[in-house]
Amino acid sequence: MIDLDDTDRAFLRDLARDGTLSAGELGRRHGLSQPAAWRRVKRLEDSGILAGQRILVDRPALGFGVTVFLGIKLATKGRVSLEDFERAVTAIPEVQVVQHVLGLFDYRLRVVARDIADFERVLRRRIMTLPGVGQVEANVLLTEEPRPGPLG
Amino acid sequence: MSIQIDDTDRRILRHLLADPALPTAELAMRAGVTQATCWRRIDRLAEAGVISARQAVIDWRALGYAVEVSLRFTLDKTNPRAFDEFLAAAREVPEVIGIETFLGRVDVRLNIIARDMQHYQQLYRERILTLPHIADIEALMLIATIKDSGGLPL
């Protein structure tokens, strides 16, 4: 793990808001030359702290008005059933996120759908038919707010 | 603001969301359009707000935050200010990396990171249990992220 100074943290804060910022622009904001800023960005990438980019879209404008989080408990446990479940669930295009968790559920899924009727179709045809699936709890996303996190 | 989105836009977006790091040349090839068209379409989608942002992803594990917990809250809704006051207080906790509100059994979810279990326990006691209007909390500890894609079935 590498040590970060205030400038590194400022770079991360800026890039987490706008990933298109160039090294030149980051340097100008924080009093560094373009090559010095570029070296810092490179170091953050090489250390794995900057792990690619994400694109945010207006999902409703693209026809996806509903996002639902599902908590899933498996009815059968064991290594084989986990692998079967994971293979099948990751192949569903409406499932954006699959997380293996510890607690009340075994998996957390983020599912997008056009509307509630479309979500019901995904739930019945795709989710409830997954191998080993047991109890399912659904919560419809109303708002989401990413936070900058502990970057000083 | 709303614009007409056609099959070409959808094709470009599908490939772009599946792999945001793709260079425009490669993206244009996969979507079956010229580079100039690809640029123009992406510009137009960004201008209309369909593409709202392009952000760097921070890997908190690489920064030394080994523990990630999804905390699910039920709030005491007899107080009309419960949501606002809870959310305002949650925003003050630096280790909270995401806040979501729901319609369902869960009212609010906080995604929280910690350096280790000891740090988590300290945050939980000092910063989480002290948040206002909590009726119930459930915790899901992240073991592994199997899939994390912004992809849409366009």
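Reader: Of the contacts in chain B with a separation of 6 or more, what percentage comes from residues 24 or more positions apart?
Author: This is a predicted model, in which local features need pLDDT of at least 70 and side-chain atom pairs count only at pLDDT 80 or more, whereas totals for chains, interfaces and linings use all residues. Residues are numbered from 1 along each chain as its sequence is written, while chains are lettered from A and ligands numbered from 1 in the order in which they are written. With a contact defined by C-beta atoms, placed from the backbone, that lie within 7 Å, the percentage for chain B is 62%.

Reader: What radius of gyration does chain B have?
Author: The C-alpha trace of chain B spans about 55 × 35 × 25 Å along its principal axes. A compact globule of 154 residues would come out near 15 Å, by the rule of 2.2 Å times the number of residues to the power 0.38, with the radius taken over C-alpha atoms. The value for chain B is instead 20 Å.

Reader: In what order do the 8 strands close into a barrel?
Author: Strands (E, at least two residues) and helices (H or I, at least four) are DSSP runs numbered from the N terminus, and two strands pair if DSSP finds at least two bridges between them. The pairing in the barrel is antiparallel, and the order is β2(A)-β4(A)-β3(A)-β5(B)-β2(B)-β4(B)-β3(B)-β5(A).

Reader: Which residue in the turn between β3(B) and β4(B) has a positive phi?
Author: β3(B) is joined antiparallel to β4(B), residues 108-114, by 5 bridges, with B:Ile99 partnered by B:Leu110. The two strands form a hairpin with 4 residues between them, and the turn residue with a positive phi, about 155°, is B:Gly104.

Reader: Which exposed residues does α5(A) carry on the face turned away from its buried side?
Author: The buried residues of α5(A), residues 116-127, are A:Phe119, A:Val122 and A:Ile127, where buried means 20 or more other C-beta atoms within 10 Å of a residue's own, exposed 12 or fewer and partly exposed in between, with C-beta atoms placed from the backbone. They lie on the same side of α5(A) because they cover an arc of only 60° around the axis, taken from the directions from the helix axis to the C-beta atoms. These residues pack against β2, β4 and β5 of chain A. The face turned away carries A:Ala117, A:Glu120, A:Arg124 and A:Arg125.

Terms used: Two residues are in contact if their C-beta atoms, placed from the backbone, lie within 7 Å.
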